[in-house]
Amino acid sequence: MKVFKFGGASLETIERIQQVGKIIQAYPEDKLLIVISAMGKTTNELENVAKNFYMRKREIASQLLYNIEQHHLQVAENLLGTKEHPLFTQLQQFFTEAEWTLGEKPLRNYDYYYDQLVGLGELLSTAIVSAYFNQVGITNVWLDVRDVFRTDDNFRDANIDWEVTQRQVNEKVLPVFNAVDIVIAQGFIGSTDQNESVTLGREGSDYSAAVFANLLNAESQTIWKDVEGLKNADPKLFPNTVNIPEIGFNEVIEMAYYGAQVIHPKTIKPLQNKQIPLYVKCFLDKDLPGTVIKGDADGRKLPPLIILKKNQVLITITSRAYDFITEDKISDIYEIFHDKKVKINLTQNAAISFSCCIDNNPEKIELLIKALHGGFKISYNEGLELLTVRHFKNGLLEELTKGRKILLEQRSDSTVQLIMK
């Protein structure tokens, strides 16, 4: 058993979808559980649908949804060569469910409606790819992962109920492999015990594949991307990046924690728990070696790992009475951050102040500051960047920060973090 995950970039064009099929055909002896993301930028487009709906701009939301519908119907017709395939009835059912949501008044919180609408992208992409594969002889079964992944109701960042999900994998997934070698399922989404759709966090399809790999005791998981493998930095942001052929689980967890986008932060743990290796391979050239992430990789051979998070906010929290920021006050601060679901990327506290760096999410920041104002004075800087370098070398930091103003710096033996303007 192998678990494959294909992201939106691998489905952006008809030719790329056909290329995915060729990759699958290169593994005729394996049983494959394939997790597929939404096509291209569909998730971003559906986010716009959700935002406009929640702002009660229903006509705009409906038009945006219609545009998404027409694009997917056109892709399906181009792949299948006909509009008479049963797939089109299935797609229409998905859009009808979304239209029902748009017909409601937004009486619940935004995160709930986000999950009911944005998860549509994965349902559409997997249904289309599954139908196309079956037509060209890649026999498979389409699976609605909402019937398998049981979660809590923490909308937009739901947590897996591992016990129930394991039982449903045993009952609803494993038996399918007695009839076929390929099962296609969605990433990113799941369902509560009330059958309400949830999402597992942005870029959660990698995590979905890892959950399947863990519960199926898979031989390996492979994430197919439009890059040669893991690099020591984002090549779109930094020149002269180098490939990393092999890296350990712990190192990747550190990279993900600091904001590296190549692997979802929650993905590694389910694999590490069962020592299932994770391969990052290039779907444009399946014969490239890529990167393997595993438990016994040699970290001494790693180059400097550079992670840059843009659009950051540095918040400084000061006691109104100018007394010390002691453990009880830090506890109060963290409780507020937790309650408002704001992730802290870096912290530093002084005698009468506590500073932290967070992603610039205006909606969450507004609620956060309102909650903090009761007991603290608040100041903050926007438009910042958080640079993290692991295994840094002399001269590299000077090169990376040339001409920049450093607002805050933290160092350990292996890692340096800088907040820059």
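Phe392 is partly exposed, with a relative accessible area of 22%, where buried means under 20%, exposed over 50% and partly exposed in between (1.4 Å probe, protein chains only). The structure is a predicted model, in which local features need pLDDT of at least 70 and side-chain atom pairs count only at pLDDT 80 or more, while totals for chains, interfaces and linings use all residues. Residues are numbered from 1 along each chain as its sequence is written, and side-chain values use heavy atoms, with hydrogens and water left out.

Phe392 lies in the loop between strand S14 (376-390) and helix H13 (396-400); helices (H or I, at least four residues) and strands (E, at least two) are DSSP runs, numbered from the N terminus. The C-alpha atom of Phe392 is separated by 7.5 Å from that of Leu305, although the two residues are 87 residues apart along the chain. The loop between S14 and H13 also holds His391. His391 is not a glycine, yet has a positive phi of about 60°, and at 25% relative accessibility His391 counts as partly exposed. A positive phi, of about 50°, is likewise found at Asn217, which is not a glycine. Asn217 belongs to the loop between helix H8 (205-215) and strand S7 (220-225) and, at 52% relative accessibility, counts as exposed.

Eight strands form an open sheet with mixed pairing, in the order S3-S4-S2-S1-S7-S9-S10-S8. Strand S3 (141-142) and strand S8 (246-248) stand at the edges with a single partner strand each, so one side of each is left without a neighbour in the sheet. Two strands are taken to pair if DSSP finds at least two bridges between them. Strand S1 (residues 2-6) and strand S2 (residues 32-36) run parallel and are joined by five bridges, with Val3 opposite Leu33 in S2. S8 runs parallel to strand S10 (residues 291-294), to which three bridges join it; here Gly248 stands opposite Lys294 in S10. Three bridges also join S10 to strand S9 (residues 278-282), but this pair runs antiparallel, and Val280 stands opposite Thr291 in S10.

Another antiparallel pair is made by strand S15 (residues 406-411) and strand S16 (residues 415-420), which five bridges join. S15 is connected to S16 by a hairpin through three residues, and Leu408 stands opposite Ile419 in S16. A salt bridge links Arg411 and Glu409, whose closest N and O atoms are 2.5 Å apart. Arg411 is exposed, with a relative accessible area of 52%, whereas Glu409 counts as partly exposed at 37% relative accessibility.

Side chains of opposite charge can pair when their charged atoms come close. With a salt bridge defined as a side-chain nitrogen of Lys or Arg within 4 Å of a carboxyl oxygen of Asp or Glu, the count comes to 21 salt bridges. One of these joins the side chains of Glu366 and Lys370 (3.7 Å, N to O). Glu366 and Lys370 are separated by about one helical turn because they are four residues apart in helix H12 (residues 362-372). Glu366 counts as partly exposed at 45% relative accessibility, and Lys370 as exposed at 57%. The side chains of Lys340 and Asp339 also meet in a salt bridge (3.5 Å, N to O); Lys340 is partly exposed, with a relative accessible area of 28%, while Asp339, at 54% relative accessibility, counts as exposed.

Surface patches were assigned from residues with over 30% relative accessible area and no salt bridge, like charges being joined within 9 Å and nonpolar side chains (Val, Leu, Ile, Met, Phe, Trp, Tyr) within 5 Å. Accessible areas come from the Shrake-Rupley method with a 1.4 Å probe, and for residues only the protein chains shown count as cover. Lys and Arg count as positive and Asp and Glu as negative, His and the chain ends not being counted; the place of a charge is taken as NZ of Lys, CZ of Arg, CG of Asp or CD of Glu. A patch of negative charge on the surface is formed by Asp153, Asp161, Glu163 and Asp193. Of these residues, Glu163 is in helix H7 (residues 162-172) and counts as exposed at 63% relative accessibility. Tyr322, Phe324 and Ile352 make a nonpolar surface patch of about 330 Å², with Tyr322 placed in the loop between strand S11 (305-319) and helix H11 (327-339).
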